[in-house]
Amino acid sequence: MSNIQGQLTYTEISSQSAALQAAWEQLQKQSDWVNRYIGNDQYEEVVFIGSGSSYYQSITMAATFRKWTGRSASAQPSSDIFLLRDATLPRGKKLLIVGVSRSGESHEVLLALDAVKNEDHIDTCGITCHETSKLFGMTECLLSPLGKEKSTVMSKSLSSMTFMMQAAIAMAAGGEAYLQELKTVLELDEELVKASDSSIKEWVSAHDFNKTVYLGLGALGGLALEACLKLKEMTYTWTEAYGTLEFRHGPKSIVDSGTLVCFLLSQSAREYELKVARELKEYGATILLLTAERGEDTDFADLVLELGGAELSDEARSVLYLPAVQYNGYYNAVKRGLNPDDPRNLTQFVKI
């Protein structure tokens with residue numbers, strides 16, 4: 001990379017495969033955490049909390065937990081825990097609250113955990129990238145050792161923490177099937193990061209859009225919100241995200257010939273999601289599909305990025321969607337002459 005502005009962000013996006021591998025190895029050292037916390041069936045519900053990107057990845061974590069363990073889980077903005085607890089948390093249940101924070105210094109996460117510390121029916125734990133953080137000292141945390149970032153926007157931290165929590169959930173679910181799926185993700189990720197880099201760089205250089213919409217379902221719905229935020233943080237352009245079929249109920253009115261719609265396409269709901277994509281194509285949208293595999297059913301799209309892992313569950317494949325959407329934010333920022341390392345009005349964590 002010859003470009004000085006954005007060097008940190010580019011390097012951190014590009015090094016996420018190593019961060020995933022390090023998170024996997026670290027989890028083997030912290031397997032007792034799984035048994036004490038998310039693998040402990042005394043908890044009637046597991047509540048993942050975070051702010052901003054960490055909340056969006058909490059949605060993916062909760063969806064994965066429900067699917068793989070068959071137990072109850074939810075995701076909540078951390079502010080809702082200390083400001084609106086009675087409207088947010090169920091009563092009369094034994095709860096585990098999992099604080100999610102890259103820096104471990106997010107004030108809202110810390111305030112949320114502090115607000116419940118004296119509740120007999122609530123226990124806490126967390127996941128972070130910083131072992132010297134307040135969160136790490138406040139409650140027992142999983143640690144993504146190479147998730148540490150100097151850039152403001154989250155990239156490899158989010159990928160590695162999402163992957164690490166999913167691996168912990170796979171352990172909690174028992175059996176080897178989901179762990180084997182995640183090992184396949186590790187094998188695919190390095191080459192996919194490189195392929196996403198070159199494909200998105202070429203795509204961005206050749207296209208301009210007045211609005212971008214990201215769509216996804218289930219665990220991929222949280223990542224659609226994260227993809228939206230990445231583009232918004234780095235380029236200051238208006239971007240939206242919705243559940244794929246929900247977009248048809250009113251929001252599709254915004255679609256015109258200047259609209260890019262990017263689908264984080266699942267395998268389990270592929271047929272229905274592609275129906276939405278074809279409909280939006282008819283309205284004039286440009287269609288970008290991030291999919292496990294291309295086929296005759298995807299030939300209508302303007303760009304198809306094949307991620308691999310078609311045999312995997314949609315949840316296990318989650319982090320494979322992230323390099324493309326992160327590079328999309330990065331290259332659009334550079335194209336506009338902006339510095340993605342230093343987006344306006346933003347800091348690594350928000351103070352109250």
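**A walk through the fold**

Of the 352 residues in the chain, 58% are buried (under 20% relative accessible area with a 1.4 Å probe, protein chains only). Bear in mind that this is a predicted model, where local features need pLDDT of at least 70, side-chain atom pairs count only at pLDDT 80 or more, and totals for chains, interfaces and linings use all residues. Residues are numbered from 1 along each chain as its sequence is written, and side-chain values use heavy atoms, with hydrogens and water left out.

On to the overall build. The chain carries 13 helices and ten strands, taken as DSSP runs (H or I, at least four residues, for helices; E, at least two, for strands) and numbered from the N terminus. Look at contacts (heavy atoms within 4.5 Å) with a separation of 6 or more, and 75% of them join residues 24 or more positions apart.

Now for the rings. Phe, Tyr and Trp rings (the six-membered one for Trp) pair if their centres lie within 6.5 Å; planes under 30 degrees apart are stacked, over 60 edge-to-face, and the rest tilted. That gives eleven aromatic pairs. Take W24 and F163: this pair is tilted, with 6.1 Å centre to centre and 40° between the planes. It bridges distant parts of the chain, since W24 sits in helix α2 (residues 16–29) and F163 in helix α9 (residues 156–173), 139 residues apart. Both W24 and F163 are buried. Elsewhere, ring pairs tie Y10, Y327, Y330 and Y331 into a cluster.

Notes: Buried < 20%, exposed > 50% of the residue type's maximum accessible area, 1.4 Å probe, protein only.
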